[in-house]
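The following dialogue takes up how a reader may approach a structure of this kind. Please look over the sequence and the model before reading on.

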Amino acid sequence: MKLKLVGVVLLLAIGVGAVALATGIVPTTRASQTSFLTAAVTRTNVANDIAATGTIEPTARYALAFGQPAQQFSGDTVPTGSGTGTASWPVKTVAVAVGDPVKKNQVVATADTTTLHNDRLNALDSWRVARIQLKTANTALSDAIDAGRTGDELDQLRSSVFNARTRVRDAEKAVSDANTKLSAATLRSPVDGVVTEVDISKGVDAPNGAALVIDGNAFQVTADVVEGDLANVKNGQPATVTVAAIGDSIGGSVARISPTPTASTSTSNNVVSYPVTVTLQNPPAAVRSGMSADISITIAAAQSVLAVPTTALVGSDGQYAVRVPTETGTPEVKPVTVGLVTNAMAEIRSGLSEGDLVITGTASQSQTTAAPGGFGGGVGIPFGGGGFQRNGGNGARGGNGGNGARGGNGG
């Protein structure tokens, strides 16, 4: 009787345990598996860049003043040499305002030319008189020579011809100056650009200094490059200028490398920097002077080459290799020959083919699994009263469980 009671208790205990496992009451184990991160060998461009930040500015600015040719300058300080000279220039028209776009040779302002026209007419009259006097002097000298005159009289006639020629030259210069002043009464834009300053008003004499300032449509960015990178920068190198304000990137090239360090920040954080100027190629109309810009100067490039992420490389310079995945799960190490290597990509010259997979790292993945083999149905109990479960069912949670032991026959 006691033996039968023990059997029943044991049967109940095993049955409860099986139900707990099947319903997930008993926690499963958590196994840690390591998987590999991979990337394919691709054909692409590999570039090594130097990055810096600067401010967009026009490559050329022009100060325009009546009576003088346009004067080119850079920076924010308008040349003090620009001015109206000794003449008075009453402003007749102002055809533009600040912010207006202009084309090369477009008229932007004019001055009243009444006095200038009168001066030119007077100069022309003087020139005509001088030419008549020269003709008369030449005739007198020719007649004297034909008449066989000599001595002081002939010398005086030659002197008269010389003086007449001088007066003609002076008169011609006066006419030329008058024409130049007339031309200088009309201000024309020297370039395609935009008006950034207007300091004249219609009906008022033009002040001393520039009447207008025009910025050209060509732009540049000057940024500080640290001394460690400067040796790799050369004039003409391609560059990319990214302007966050307009959400666009623009092509460019290195135009100028300063031989002297930046004055204000030359030793910032004990690092010497040098100004490098990059000109923009075909900037869009939305670009404005004063916008911040990030420049990226390409110091080395390999076009349309096989490449992998640099993180795939193992080894050292001259003896590089990569790891490739295999069906067994154990990576295979393959030697490769590399070309240009940057922080992001590495050029592969031999050892791999396009489309091959390389391992770039590992990732630890945790996965909840059932106990090895899964949980079968309750183990068959060879006691009378019938087994708890004759055939083992599928294991709960995780892989399919193995078949449980067949239960015993009922008593």
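**Reading one residue and its surroundings**

Q: Where is Gln237 found?

A: This is a predicted model. In it, Gln237 sits in the loop between helix H4 (227-230) and strand S12.

Q: Is Gln237 buried or exposed?

A: The term buried applies under 20% relative accessible area. Gln237 has 12% relative accessibility, and therefore counts as buried.

Q: Which residues does Gln237 touch, apart from those up to four places away in sequence?

A: Gln237 is in contact with Asn232, Gly252, Ser253, Val254, Ile297, Thr298 and Ile299.

Q: Which residues touch the most other members of the largest nonpolar core?

A: A nonpolar core joins buried residues through side-chain atoms within 4.5 Å. The largest one here has 24 residues, and Ile56, Val241, Ile295 and Ile297 touch the most other members. Strands S2 (42-58), S11 (219-226), S12 (238-243), S13 (248-257), S14 (273-280) and S15 (292-309) each give two or more residues to this core. Apart from it lies another core of 23 residues, including Tyr62, Leu116, Leu187 and Ala211.

Q: What is Ile295 in contact with, leaving aside neighbours within four places in sequence?

A: Ile295 touches Ile50, Ala51, Ala52, Val221, Ala223, Thr240, Val241 and Val278.

Q: How many helices and strands does the protein have?

A: The secondary structure comprises four helices and 21 strands. Of the 411 residues in the protein, 33% are buried.

Note on methods:
Residues numbered from 1 in each chain as written. Predicted model: local features only at pLDDT ≥ 70, side-chain atom pairs only at ≥ 80, totals over all residues. Heavy atoms only, no water. Buried < 20%, exposed > 50% of the residue type's maximum accessible area, 1.4 Å probe, protein only. Contact = heavy atoms within 4.5 Å.
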